[in-house]
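Please look over the sequence and the model below before reading on.

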Amino acid sequence: MNRLTSTLLCAALSLAGSTLMAQTTIFDLSSRDGFTQCTQECLRYDRDNQVWSWSNYRSALQMYHYSVTEPYYDDYLVTPELPLEAGSLYRVTPTAYSSGKTGHIKIGCGQGADLESYNIVGEIDNIPYVSNMDDAEERTVEFNVPVSGNYKLFIEGVGNGLYIGGTTIRNVGTSTVPMAVSDLAVLPDPAGAASAMIMFTMPD
């Protein structure tokens, strides 16, 4: 019995290890190196200010600028282009807290320069104020992309100032969300009957 138990335990640990190894970090925003690869943009209020920065004291991203009056932040931190694959599940793990009042972030994914056309893949509202990053709660946002290609992600901070730590973007395996069909066409019955033929291409 002990031998069987040991065998099952080893198998479980091996499986767990395989699952962990399958998770690939696509982009790391938990350090200054990741932050310096990003760009910033503001589409409203404080267009001339670069409000995102890296806090060495907190080892975290911070959205703060002395000239911005809360709650008038609405600022994007944008990753470089990242190679994402259709059929894969991606996970973003921001650990965030507000600078004094509740905060709000949106996470978007898309292509091109028009950030407002990006899909919002997750929103985290009512981010609380805590005294330090150790007391902040890690949140999880998961998403996939319709077709393989190069995509950018953004973190949009809205309202009040924020600190965000430990953020990574990971490929965590196969997505359970089915891919959309393509080449969809609906052909009416040529004889005029109340019916139609639906044609489409199944996803790979």
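The sections below describe selected features of this structure, which is a predicted model.

Strands of a sheet pair through backbone hydrogen bonds, and the pairing is either parallel or antiparallel. In this model, five strands form an open sheet with antiparallel pairing, in the order β3-β4-β14-β8-β11. Its edge strands are β3 (52-55) and β11 (137-138), each of which pairs on one side only.

At one end of that order, strand β8 (residues 95-98) is joined to β11 by two bridges, and the two strands run antiparallel. Within this pairing, T95 stands opposite E138 in β11.

## Strand β15 and its partners

Strand β15 covers residues 168-174 and pairs with strand β1 (residues 24-28) in the antiparallel sense, over four bridges.

## Aromatic rings

How many aromatic pairs does a search of the whole structure find? The search finds four. In the pair Y118 and F154, the ring centres are 5.8 Å apart and the planes are at 20°, so the pair is stacked. Y118 lies in the loop between β9 (103-110) and β10 (119-127), while F154 is in strand β13 (residues 149-159), so the pair ties together parts that are 36 residues apart in sequence.

Y118 and F154 are both buried. Together with Y76, these two residues form one aromatic cluster. Another ring, that of Y163, has a charged group over it: the charged end of R58 sits 4.0 Å from the ring centre.

## Cysteines

A search of the whole structure finds zero disulfides. Are C38 and C109 buried or exposed? C38 has a relative accessible area of 13%, so C38 is buried. C109 also counts as buried, because its relative accessibility is 6%. The cut-off used in both cases is that buried means under 20% relative accessible area.

## The loop between β4 and β5

V68 is placed in the loop between β4 (60-63) and β5 (73-78). With 11% relative accessibility, V68 counts as buried. In sequence, V68 and N49 are 19 residues apart; in space, their C-alpha atoms are 8.6 Å apart.

The loop between β4 and β5 also holds P71. The peptide bond from E70 to P71 is cis, and its omega is near 5°.

N126 is placed in strand β10. Its relative accessible area is 54%, so N126 is exposed. The cut-offs behind these two labels are that exposed means over 50%, and that partly exposed lies between buried and exposed.

Methods
Residues numbered from 1 in each chain as written. Predicted model: local features only at pLDDT ≥ 70, side-chain atom pairs only at ≥ 80, totals over all residues. Heavy atoms only, no water. Disulfide = S-S within 2.5 Å. Buried < 20%, exposed > 50% of the residue type's maximum accessible area, 1.4 Å probe, protein only. Pairing = 2+ DSSP bridges. Phe/Tyr/Trp six-rings, centres within 6.5 Å; stacked < 30°, edge-to-face > 60°. Lys NZ or Arg CZ within 6 Å of the ring centre and 35° of its normal.
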